[in-house]
Amino acid sequence: MPLLSEPLDHALARSLRRAVLDYRAGPSRPRPTALHVGEPGGPHLRHDVRRGAGLDAAVRVEVVAALLVRVRECADSAPAPTAWLARPGGLDWQDADRDWLTAATAAYAEADVPLTFVVVGPSGWCDPRSGVRAEWKRLRDRSLRPTG
């Protein structure tokens, strides 16, 4: 399983930054928690995690596996899809991070696909396994620069 390490590949750093921007651009209150599989800031699938849904470990593995299969069917020779949990709050370790990381680890291992897993929040992203993270106080979308 590849853990993120510094220096981060420029393309991956840019796509993770885009995932944070996309999360911040979503509904403002309450911000949803969702598991995503695919390319951060690009084509991906998501599963909304409902508060109090009480999914057990086996169901979480099935959710990740289903997303992984569907993303891989749609991708043309793309690199291994990234899994990320987008959720409100800070980037400190939470129970949901552990639950979905465990599920993603099992599903990706079963599919024999290397796992890159990050947690995305409104202030940045973090690899909970390696501790590599990026946070911003004021994140701006560079693609929306005025022209002329």
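Which backbone oxygen lies 2.7 Å from a polar atom of the side chain of Thr105? The backbone oxygen of Leu101 does; for this report, a polar contact is a pair of N or O atoms within 3.5 Å, where within protein one must be able to donate a hydrogen and the other to accept it, and residues adjacent in sequence count only if both atoms are side-chain atoms.

The model is predicted, and local features need pLDDT of at least 70, side-chain atom pairs count only at pLDDT 80 or more, and totals for chains, interfaces and linings use all residues. Residues are numbered from 1 along each chain as its sequence is written, and side-chain values use heavy atoms, with hydrogens and water left out.

Thr105 belongs to helix H3, residues 95-111. Helices (H or I, at least four residues) and strands (E, at least two) are DSSP runs, numbered from the N terminus. Between Thr105 and Phe117 there are 8.7 Å in space, C-alpha to C-alpha, and the two are 12 residues apart in sequence.

Helix H2 (residues 57-74) packs against H3 at an angle of about 50°, and their axes are 8 Å apart. H2 is therefore oblique to H3. Angles under 35 degrees count as roughly parallel, over 145 as roughly antiparallel, 65 to 115 as roughly perpendicular and the rest as oblique. Axes are lines fitted to C-alpha atoms, for helices over the stretch in contact, and angles run from 0 to 180 degrees between N-to-C directions. In the contact between the helices (heavy atoms within 4.5 Å), residues of H2 including Arg60, Val64 and Leu68 meet residues of H3, among them Asp99, Trp100 and Tyr108.

**Accessibility of selected residues**

Buried means under 20% relative accessible area, exposed over 50%, and partly exposed in between (1.4 Å probe, protein chains only).

| Residue | Relative accessible area | Class |
|---|---|---|
| Thr105 | 24% | partly exposed |
| Cys74 | 64% | exposed |
| Cys126 | 6% | buried |
| Asp112 | 70% | exposed |

A search of the whole structure finds 0 disulfides, a disulfide being a pair of cysteine sulfur atoms within 2.5 Å.

**Backbone features**

Asp112 is located in the loop between H3 and strand S4 (117-121). Its phi is near 55°, which is a positive value in a residue other than glycine. Pro7 is placed in the segment before helix H1 (10-25), and the peptide bond from Glu6 to Pro7 is cis, with omega near -5°.
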